[in-house]
Each structure stands twice: as C-alpha cells, then as structure tokens.
Amino acid sequence: MIRLLDKLERDRRLTKEEWVRLLAALEAEASGESEGPGVREKSDSYQTQRAQEAPGEDTPARPLSKELTARARETARKTFGNRVYTRGLVEFTNYCRNNCYYCGIRAGNQNVDRYRLTADEIMECCREGYKLGFRTFVLQGGEDPGFPDRTLAHLVTAIKSEYPDCAVTLSVGERDRATYQMWYDAGADRYLLRHETADPDHYRLLHPSAGRPLSLANRIRCLRDLKEIGYQVGTGFMVGSPGQSVETMAEDFVLIQELQPHMVGIGPFVPHHDTPFAKEKGGTAEQTLRCISLLRLLLPQALIPATTALGTIDPAGREKGILAGANVVMPNLSPTAVREKYELYDNKICTGEEAAECRGCLSGRMELIGYELAVDRGDHPSREDAQSRGDHSSHEIQQDRGDHPSRGGGKL
Ligand code: SF4
C-alpha cells in the first residue's frame, strides 16, 4: 500500500479503485486486521521501479497510517511552514429552510431557539475580530429566507469597505448562479459549501427528497458555478456519517480531485439528539485524521481546517488535525449569547468563551505543538498574487491566475 501513497504524492490523484484499496487498508490497519508495520505489496512494480531509481533508499517500514501522517505533515510544513491561518466565524442565523437529517438546526426541529443577528451586530463581531488579529471573516448560517440575499450583499460590501485588507467567506448554502454572482460582485472572496457525500444514493440517505428536496446534482452545480464565478471554493464531507462506506468515501476523494477546491472542510459526523440520526454512531477522530492526511497529499496547497467538530470528539482534536496536515482553525466570533443556539451537533465546544478567549486558547494550543497563529488573510497560495494587488473585482485576472497549480484538466 505504500506504493499508493507514493503514487498519490507523485500524481496527486488516484483512480476510484485505488482510493478504495487505500482507504480499506487504512481501515483494516486501524481495526487490527492488517499484518502490521510496513504494510506493502511485495510484487509491486512501482516499488521496484523506485528502488531502481534510488538504489539503497529504504522503504518506510512503519504502519501505513503513521507513514501517511508523517508525509502529510511534511507536505503542509513545506507549503505553510509552522503558520496556522485563522478564520473568525460569525454564525449569523440559525434559521434554515432545509431538513438535512443530520443537522441540529434543521427546519423541522421545533426545539431550536431561533436567532438572526442584525447587520450592526455582525459588523460588531468583525470589529472585535479585527482587533484580535483576524483577517478573514466567515459569515455562516442556514438557508434563511428571512435574511434577504441583497441584505447579505450590502453587508459584504460594508465589511470589505471597513476592512479592505480582510477576506470575506460566505457559507450560506445553495443559491442560483445570479445570487452567487451578486455576492461576489459585492466583494465576497470565498465560499464554503460541503458536498457531504459524492454518492447520489448516500446523498439521498442524508437529505430529504420530499418537501424541499436536496440533490447531489444541484450541490455540484452550485460548486461549479462558484468556481466559474471566481470564488476560492471550499467543499468537504462528514466522516462516519450513516451509510458511509469505503466506496462512498472513494467517490468523495475522486470528486475532490476533479473539482480541485481551494479549501476542504471535513469533520466527524456527530449526532444531534433532535434529529432523525440521534441514535446513529458518530465518526471517529482517527478516521477523520486519516482523511485530513489523505487530503493534504491530494491537495498540497489547499486550506484545510482542523474543525471544531474534531475538537468536540477529542479534546486534542484540533492539535492532532494540524499535525495530520491541516493548516486552518476557525475560532468563533459570534456573540456568546447566541453560540449555544447554533448547535449543529451535540456537545459543541467553545460556546461559552468570548472571542478573545477563543483566540488565546487556540494560540496557546498551537504553540504547544510548535505552530503559531498567523495574522493574515490566509489565501490559497495560487491567489496570493492577485489578492495583494487588490484585483478582486477583476474576474478575468482571477480566472487566469486562480487555477490550482495541479489542476490540469479538472472536469468540474
Ligand atoms: S446542514 Fe445546512 S442546509 Fe442542512 S439543515 Fe443544517 S443549516 Fe440547513
């Protein structure tokens, strides 16, 4: 299996079948079913070729997962050094018109105490965040018809006018292309929209097909539109969601390698008590960390967060995430009075601290593992040149300069 890691590092892509084999081998090793250290294929022509090309080079003989982590950490260090980017997260509305089965703020949950921040309150979060050193603000919320799209556009423009050295990321779900374009023209730099699973049947298991139906096809349409418009685009998936298999995860990795997103957010599935998945088993930190490392080898320059969900199921989850190849953390800038109301899953951490405490806490955690929080927009490396010249409004320049270096012939 080491040869598949070699291939992933060399080509930055695998076939679906290869993804299945690699994921299955990692799973088997984790459950104690493998033959132990040095998992490898003896009749491996690529390995033979490698040995011929580099005589005397020792093939790693540690467990596959440890080899994976070490390579991913090294890859991240080569691109980003010991700097960890921060994003100030403003969860500005917990209203949502959708009913995703895994989500605590789904429309059908009558027990949610709904809130919607005003534009002034959101600006105040940004002011506080700027003072603390944040240079990216992430405006996240459900798909809330009560917060008009045009109001959000005005808000983005206001933030960009007051903080021209900052990036604005939106994460507010599915819209039509014209709306995405309006927000981009208003100044939004990035957009996060997890695909959650790239397998259509699995997607239907996680999302309702009645009422207000959600489809994988429309999710991919959104991602394609966002990328074409010129956003730095983030996608991602839940690890350990009900119905997930090695095959569906292989499809996730194939979709990601075709899309070549600038950001990939993955976190463990954590059940919420007021959802149809309340009794389902959650994903594990180990599995999530393995996926982070695989993503790092697939996309060396991508912005990959060590998520709050990972920190929720493992007290040292975010540190482990960084050491597994992640390079972003997203402390919360929302007013403490509303934090607990944005409960996507049970036992979410960091709902009680002030923004300054959150940043201080994370700063200390990162220092302990030899990393530091950067005061920086933290753009994808392929976008830094364009952004530093203030070229946001020049779609042509963004398109010309914005492609991921390894993108090649991405299908999406
Ligand atoms: S996951 Fe997002 S779109 Fe789905 S119900 Fe929750 S907030 Fe709404």
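This is a predicted model: local features need pLDDT of at least 70, side-chain atom pairs count only at pLDDT 80 or more; totals for chains, interfaces and linings use all residues.
Student: Let's start with the open sheet. What's the strand order?
Tutor: The order is β2-β3-β4-β5-β6-β8, six strands with parallel pairing.

Student: Which ones are the edge strands?
Tutor: β2 and β8, the latter at 263–264, are the edge strands. Each of them pairs on one side only.

Student: And what holds strands together in general?
Tutor: Strands of a sheet pair through backbone hydrogen bonds, in a parallel or an antiparallel way.

Student: Back to β2. Is that strand buried or exposed? How many of its residues are buried?
Tutor: Strand β2 covers residues 88–93 and is mostly covered, with six of its six residues buried.

Student: How many bridges join β2 to β3?
Tutor: There are five, and β3, at residues 136–141, runs parallel to β2. As one example, V90 has L139 as its bridge partner in β3.

Student: Which helix goes with those two strands?
Tutor: Helix α5, residues 119–132. Together β2, α5 and β3 make a right-handed β-α-β unit.

Student: New topic, the ligand. Which residues surround it?
Tutor: The ligand is surrounded by C96, N98, C100, C103, I105, R106, G142, E143 and G173.

Student: What's the split by class in that shell?
Tutor: The shell has four nonpolar residues, three polar ones and two charged ones.

Student: OK, the largest nonpolar core. How many residues, and which have the most contacts inside it?
Tutor: The largest nonpolar core has 108 residues, and V90 and L295 have the most contacts inside it. Helix α11, residues 285–298, gives the largest share of this core, eight residues.

Student: Why does the core lie between domain 1 and domain 2?
Tutor: Because domain 1 (2–63) and domain 2 (78–402) both give residues to this core.

Student: Last one, P305. Where is it found?
Tutor: P305 is in the loop between α11 and α12, the latter at 308–313.

Student: Is P305 buried or exposed, and why?
Tutor: P305 is buried, because 30 other C-beta atoms lie within 10 Å, and the cut-off for buried is 20 or more.

Student: What separates the C-alpha atoms of P305 and M263?
Tutor: Those C-alpha atoms are separated by 8.2 Å, while P305 and M263 are 42 residues apart along the chain.

Notes. Residues are numbered from 1 along each chain as its sequence is written. A residue is buried if 20 or more other C-beta atoms lie within 10 Å of its own, exposed if 12 or fewer, and partly exposed in between; C-beta atoms are placed from the backbone. Helices (H or I, at least four residues) and strands (E, at least two) are DSSP runs, numbered from the N terminus. Two strands pair if DSSP finds at least two bridges between them. A crossover is right-handed if, with the strands pointing away from the viewer, the path from the first strand over the helix to the second runs clockwise. A residue is near a molecule or strand if its C-beta atom, placed from the backbone, lies within 6 Å of it. Ala, Val, Leu, Ile, Met, Phe, Trp, Tyr, Cys and Pro count as nonpolar, Asp, Glu, Lys and Arg as charged, and the others, Gly among them, as polar. A nonpolar core is a set of buried Ala, Val, Leu, Ile, Met, Phe, Trp, Tyr and Cys residues joined through C-beta atoms within 7 Å. Domain bounds come from an automatic or database domain assignment.
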